[in-house]
Amino acid sequence: MSLKSYLNDLVNKNHRAFQQHTNLRWMNPYQAMELENQRDSILQSFSDQVNWSFKDTKPWVNSLSKGCQLCGEGQWSCLFITGLCNANCFYCPASQQADQLPTTQQFEFDSALDYATYINKMKFKGVSFSGGEPLLYFDRLVDYIRTIRKACSPEIYIWMYTNGKLFTREKAEILGELGLDEIRFDIGATNYRFDTLKFAKGLIPNITVEIPAVPEKLDLIKGLIPELIASGVTNLNLHQMRLTEYNASKLEQHPYTYLHGEAPVVAESELTALKIIHFVDDQKISIGVNYCGFQYKNRFQKSAFRRKLAEVFVGSIGWITEAGYLGQLVAYKEESPLQPISISLENFLLQHDQYHHVDISFFGLSLLQKKESVIDEFEIVIGNKTYLASQKATSPVLVILKDGFNALINIISGKTPSPPERDDLFFIWRHTVIETGFRDYM
């Protein structure tokens, strides 16, 4: 499958998934040219004070919080402390209608100590608490934070998300005493009021406003920035709005244009976020602003957990790709084509000239609760549950002949930033490399 075929499949998938929502305005080629020109114009207006992190997918100015850095590095676990929320934001991508056990990566942790054990086993350097609205279950939140502070490294960075509706001075004092490093407020949930946010000033070291970049709120957000700074806010995180089954009925009432991709997103939301970065950059305002777009999330957050599992469980033969997959090579010599030789990536790079062809395959790792009692090297025990790292092939075995070795080596050595045209090489590229920069609109 080539890049064009891959992208075409994404377009068809999105149309099928949202075919009942007839008022959605999907991007067409003429709009794509117009909006790309707008985006290029904004990006060209950035000064050299605007930074680009994580393979040019995250632009930011002034500062980037430690939590955001750990997220991009794949050193972060986000625990959804509840699925219930007391707000009704039109842009929310999740249902937020029911309480649930604290969950991360589809694992449920009804014990704070078990979750702390999981953090230690996986060697995470940061933990966040989200929801739903965590403050609906404040005692539960306190229990998990307190346990992590006792059972995990004192260096671990802890932050939480809230809409602020239930935030009080008393809660701020408790969270500060527990060692919460950062608190993030979605002021969009309170119609951009942030009275309770001020309770965190002086008690919680880092105060962030994290909101979707809603296009019609551009001028309002710009106007609020001085007051946010006065309230103790040091960072403004701007998300790209995403279309899901939960918010489609609400979003289609707005005149947004939807971009195709691994998940559909609002084109104007990206432009709004970039305009706010330009505004802060141009006016030399002292607040950190970063754009957390879908391309960044999909590439780095998706690969982070795969890579973390692979780092814990990978064997000596396979290698971990930048995209977080486990790659494996089997080589064949010309004089004995029926005798496969499992080789490491390092040996292949050094000795590839002696091989006639190689089979290359990729695997994703996932943790499954173990049913059997057989001891296995790929297992971790968390509380009274044992989890097994399961290897699942994510591609067919691809055969690369000797004349393709140079192209293969360039890909797995990170020397092919653009996707190859050849179908098999594109497949390898997609499992090996994290794509750089923004995509063209489609």
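1. Accessible areas here come from the Shrake-Rupley method with a 1.4 Å probe, and for residues only the protein chains shown count as cover. On that basis the chain has an accessible surface of about 20400 Å². Carbon and sulfur atoms hold 49% of that surface.

2. The model is predicted: local features need pLDDT of at least 70, side-chain atom pairs count only at pLDDT 80 or more, and totals for chains, interfaces and linings use all residues. Residues are numbered from 1 along each chain as its sequence is written, and side-chain values use heavy atoms, with hydrogens and water left out.

3. Overall build. The chain has 13 helices and 21 strands. These are DSSP runs, numbered from the N terminus: helices are H or I with at least four residues, strands are E with at least two. The radius of gyration is 23 Å, close to the 22 Å from the globule rule for 442 residues, so the chain is as compact as a globular protein of that length. The radius is taken over C-alpha atoms, and the rule is 2.2 Å times the number of residues to the power 0.38. Along the principal axes, the C-alpha atoms fill a box of roughly 75 × 55 × 45 Å.

4. Of the 442 residues, 55% count as buried. Buried means under 20% relative accessible area, exposed means over 50%, and partly exposed lies in between (1.4 Å probe, protein chains only). Among contacts with a separation of 6 or more, 73% are between residues 24 or more positions apart. A contact means heavy atoms within 4.5 Å.

5. Charge. The chain carries 44 positive and 50 negative charges, and their mean positions are 3 Å apart. Lys and Arg count as positive, Asp and Glu as negative; His and the chain ends are not counted. Each charge is placed at NZ of Lys, CZ of Arg, CG of Asp or CD of Glu.

6. Helix H13. This helix spans residues 423-432 and is mostly covered, with eight of its 10 residues buried. Among the buried ones are Phe 426, Phe 427 and Trp 429. The cover includes helix H1 (3-17), strand E18 (357-369), strand E21 (398-401) and helix H12 (405-412).

7. The whole structure has 11 salt bridges. Each is a side-chain nitrogen of Lys or Arg within 4 Å of a carboxyl oxygen of Asp or Glu. Lys 55 pairs with Glu 322, with the closest N and O atoms 3.1 Å apart. The partners are 267 residues apart: Lys 55 is in the loop between strands E2 (50-53) and E3 (58-61), and Glu 322 is in the loop between strands E15 (319-320) and E16 (326-333). Lys 55 is partly exposed at 27% relative accessible area. Glu 322 is partly exposed too, at 36%.

8. Glu 435 forms a salt bridge with Arg 299, with a closest N to O distance of 3.7 Å. Glu 435 sits in the segment after H13 and Arg 299 in helix H10 (residues 294-313), 136 residues apart. Arg 299 is buried, at 7% relative accessible area. Glu 435 also bridges to Arg 439, at 3.1 Å from N to O. Both Glu 435 and Arg 439 are buried. Shared partners join Glu 262, Arg 299, Glu 435 and Arg 439 into one network.

9. Trp 76. This residue lies in strand E4 (residues 76-80). Val 127 is 51 residues from Trp 76 in sequence, yet their C-alpha atoms are 5.5 Å apart. Beyond four places in sequence, Trp 76 touches residues including Phe 124, Val 127, Trp 159, Tyr 161 and Gln 301.

10. Leu 349. This residue lies in helix H11 (residues 345-351) and is partly exposed at 32%. Leaving aside neighbours within four places, Leu 349 is in contact with Ile 409, Ile 412 and Ser 413. Its C-alpha is 54 Å from that of Asp 219, 130 residues away along the chain.

11. Backbone points to check. Most residues other than glycine have a negative phi, and most peptide bonds are trans. Gly 131 and Gly 132 are joined by a cis peptide bond, with omega about 20°. Gly 132 is in the loop between strand E7 (126-130) and helix H5 (138-151). Phe 54 has a positive phi, near 55°. Phe 54 lies in the loop between E2 and E3 and is buried at 18%. Lys 284 also has a positive phi, near 55°. Lys 284 is in the loop between helix H9 (267-283) and strand E14 (288-292), and is exposed at 72%.
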